[in-house]
Amino acid sequence: GLAERRQIVAFNKVDAVAPEIIKEQSDRLSQLTSNPIFSISAVTGSGLDNLLRAIWDILAEIDEREVTG
């Protein structure tokens, strides 16, 4: 099911929130999940490269599993 699938967590609109609040919330969330947590801003583009790289890595793993079966 969905709970077994790899997940990525992203905080968006980080350009509109104080960095210390993002850090605090990210730290709290990291205690609840082992999934990667990204702080991004769609407006400024901040953090998007890392997020996209993580997505591509997961997609590559899925493709490898389908090929090697």
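Predicted model: local features only at pLDDT ≥ 70, side-chain atom pairs only at ≥ 80, totals over all residues.

Me: In what order do the elements of the protein run from the N terminus on?
Reply: The secondary structure consists of 2 helices and 2 strands. Strand S1 covers 9-11, helix H1 residues 19-30, strand S2 37-39 and helix H2 residues 48-68. Read from the N terminus, the order is β-α-β-α.

Me: What percentage of the residues in the protein is buried?
Reply: The protein has 69 residues. A residue counts as buried when its relative accessible area is under 20%. The buried part of the protein comes to 13%.

Me: What percentage of the contacts with a separation of 6 or more is due to residues 24 or more positions apart?
Reply: Contact here means heavy atoms within 4.5 Å. Among contacts in the protein with a separation of 6 or more, residues 24 or more positions apart account for 61%.

Me: Which residue forms a salt bridge with Glu-61?
Reply: The structure holds 2 salt bridges. In the one formed by Glu-61, the closest N and O atoms are 2.5 Å apart. This pair links distant parts of the chain, 55 residues apart, with Glu-61 in helix H2 and its partner in the segment before strand S1. Glu-61 is partly exposed at 34% relative accessible area, and the partner, partly exposed at 47%, is Arg-6.

Me: How many residues apart are Asp-27 and Lys-23?
Reply: Asp-27 and Lys-23 form a salt bridge, with the closest N and O atoms 2.8 Å apart. Asp-27 counts as partly exposed because its relative accessibility is 33%. Both residues lie in helix H1, about one turn of the helix apart, and the separation is 4 residues.

Me: Is Ser-26 buried or exposed?
Reply: Ser-26 is located in helix H1. Setting aside residues up to four places away in sequence, Ser-26 touches Phe-11 and Ile-37. The C-alpha atom of Ser-26 is 9.7 Å from that of Val-9, 17 residues away along the chain. The relative accessibility of Ser-26 is 17%, so Ser-26 counts as buried.

Me: What is the phi of Lys-13?
Reply: Most residues other than glycine have a negative phi. Lys-13 is not a glycine, yet its phi is positive. Lys-13 is in the loop between S1 and H1, where Lys-13 is exposed with a relative accessible area of 57%. The phi of Lys-13 is about 65°.

Me: How far apart in space are Lys-13 and Thr-44, C-alpha to C-alpha?
Reply: Not counting residues up to four places away in sequence, Lys-13 touches Ile-40 and Ser-41. Lys-13 and Thr-44 are 31 residues apart in sequence. From C-alpha to C-alpha, Lys-13 and Thr-44 are 9.0 Å apart.

Me: Which residues make the nonpolar surface patch of about 400 Å²?
Reply: A patch residue needs over 30% relative accessible area. One of the residues in this patch is Trp-56, which is found in helix H2 and counts as exposed because its relative accessibility is 60%. The nonpolar patch, about 400 Å², is made by Leu-52, Ile-55, Trp-56 and Leu-59.

Key
Residues numbered from 1 in each chain as written. Heavy atoms only, no water. Patch = residues over 30% accessible without salt bridge, like charges linked within 9 Å, V, L, I, M, F, W, Y side chains within 5 Å. Areas by Shrake-Rupley, 256 points an atom, 1.4 Å probe, with all protein chains shown as cover. Salt bridge = Lys/Arg side-chain N within 4 Å of Asp/Glu carboxyl O. Buried < 20%, exposed > 50% of the residue type's maximum accessible area, 1.4 Å probe, protein only.
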